[in-house]
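Please open the model in your viewer, with the sequence panel beside it, and follow the stops below in order. Each stop names what to select and then says what is there.

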Amino acid sequence: VRRGDLLYGRGAADDGYAAFSALLAIEALQAAGSNHGRLLVLIETSEESGSPDLDAHVEALAERIGTPDLVICLDAGGPTDDRLWMVQSLRGNVIVKVKVEVLTTGVHSGTASGVVPSSFRVLRQLLDRVEDATTGQILLDDLTAAVPSDHLARIEALTAELGDAVGEGLPTVEGLELQGSSPSDRLVRQAWTPTLSVIGMDGIPAVADGGNVLRASTTAKLSFRLPPSVDAEHATAALIACLEADPPQGARVTVTPDHPANGWACPPLEPWLEAAVDAASLAGFDHVAGWSAEGGSIPFLAQLGQRFPSVAFVATGALGPGSNAHGIDESLNLRVAQGVTVAVSHLLAHHAAAHA
């Protein structure tokens with residue numbers, strides 16, 4: 001559904017437009033008669049599943065791809081719609097399912113409670129091993145990392161311009177106290193702080209269906225966001241070791257990991273690229289580029305970053321305020337998508353000029 005500048009539909013902004021934007025940017029470049037180097041558009045459609053097959057395809061196409069000197073990613077965005085936003089970092093992600101079993105079948109709570117430990121209580125004890133329940137601080141050193149000074153400087157600059165860019169954009173209930181001592185601290189927490197979210201549970205009936213039964217088991221699906229520089233495989237191993245060791249009250253604890261996703265930090269830009277990004281943003285939006293960080297993950301950026309460690313990266317896109325990625329009312333701002341496309345076209349022209 002299109003309403004004015006907004007195109008509604010799941011996947012419109014995250015990020016079905018990207019392939020069209022990339023191809024249109026090249027077409028516009030050629031229509032203007034601008035020179036350009038060899039351009040390769042890599043389109044994969046499993047990013048929402050963590051890009052599990054991308055490495056194999058890139059490996060199979062390695063000779064054809066070669067070693068690029070610039071990679072542009074169109075799966076990101078920023079806090080406003082008035083400029084090209086560069087993403088300086090993305091958090092990694094580890095998802096594990098933790099199953100706690102105490103009985104082979106459910107038993108009337110009048111018979112078993114007080115004798116058999118509740119599987120939910122055991123689960124709470126396990127969570128307390130990895131997270132401070134009062135502050136939300138992750139307690140495992142393997143999941144933490146220091147924030148680079150240049151990232152902190154950009155975060156302070158973003159806060160100075162936009163204020164509480166994180167807190168003000170969240171649909172919180174009235175009276176909720178946000179974490180973080182200041183707007184810039186909240187940005188740091190969003191971009192570099194490890195966190196735990198319980199994103200699913202099994203074994204617990206709906207409130208309307210709950211009876212007086214001490215349940216046989218509880219399974220929780222846990223999502224850990226990781227600092228960009230933390231290795232997700234190492235973090236997964238540390239989590240499994242912590243959660244499975246010495247199960248409380250002898251309960252049966254099983255931890256099953258999903259495929260981990262590494263975070264990513266943008267390599268420093270060469271002077272020509274830093275100037276080109278600003279010029280491209282001016283062409284598309286009449287505003288110099290901005291820098292932001294994202295608390296989510298784009299697995300293919302980490303994969304390509306590991307494969308091409310010395311290559312320049314530009315992570316940007318049309319996601320912005322109100323895009324509501326993954327929501328039922330997700331929308332693409334067509335005006336922003338047009339600006340991004342124009343900016344990318346100009347960026348390619350600047351690249352050609354710098355490498356002539």
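A residue is called buried under 20% relative accessible area, exposed over 50% and partly exposed in between, computed with a 1.4 Å probe on protein chains only. This is a predicted model, in which local features need pLDDT of at least 70 and side-chain atom pairs count only at pLDDT 80 or more, whereas totals for chains, interfaces and linings use all residues. Residues are numbered from 1 along each chain as its sequence is written, and side-chain values use heavy atoms, with hydrogens and water left out.

**Stop 1: Ala 356**

Select Ala 356, which lies in the segment after helix H12; helices (H or I, at least four residues) and strands (E, at least two) are DSSP runs numbered from the N terminus. Because its relative accessibility is 94%, Ala 356 counts as exposed.

**Stop 2: the three-stranded sheet**

Next, show the open sheet with the order S1-S2-S14, whose three strands pair in the antiparallel sense; two strands are said to pair if DSSP finds at least two bridges between them. Strand S1 (2-3) and strand S14 (331-333) stand at the edges with a single partner strand each, so one side of each has no neighbour in the sheet. Strand S2 (residues 6-8) is joined to S14 by three bridges, and Tyr 8 stands opposite Ser 331 in S14. Helix H12 packs on this sheet, touching S1, S2 and S14, and its direction makes about 55 degrees with that of S14. Contact here means heavy atoms within 4.5 Å, while axes are lines fitted to C-alpha atoms, for helices over the stretch in contact, with angles from 0 to 180 degrees between N-to-C directions.

**Stop 3: the largest nonpolar core**

Which residues touch the most other members of the largest nonpolar core? Select Leu 273, Val 277, Leu 301 and Val 340, which do so among its 51 residues; such a core is a set of buried Ala, Val, Leu, Ile, Met, Phe, Trp, Tyr and Cys residues joined through side-chain atoms within 4.5 Å. Helix H12 (residues 334-354) gives the largest share of this core, seven residues. Leaving aside neighbours within four places in sequence, Leu 273 is in contact with Leu 70, Ala 312, Val 314 and Leu 347. A second, separate core of 26 residues includes Val 98, Ile 138, Leu 239 and Cys 242.

**Stop 4: the four-stranded sheet**

Move to the open sheet with the order S7-S9-S5-S10, in which four strands pair in the antiparallel sense. Strands S7 (195-202) and S10 (252-257) form the edges, each with a single partner strand, so one side of each is left without a neighbour in the sheet. From one strand to the next the twist averages 25 degrees. Six bridges link strand S5 (residues 92-101) with S10, and Glu 101 stands opposite Arg 252 in S10. Helix H6 (residues 119-130) lies across S5, S7, strand S9 (217-226) and S10, at about 20 degrees to S9. Helix H9 (residues 232-244) also packs on the sheet, touching S5, S9 and S10, and its direction makes about 170 degrees with that of S10.

**Stop 5: Gln 303**

Finally, select Gln 303 in helix H11 (residues 299-307), which counts as buried because its relative accessibility is 12%. Not counting residues up to four places away in sequence, Gln 303 touches Gly 50, Ser 51, Leu 54 and Asp 55.
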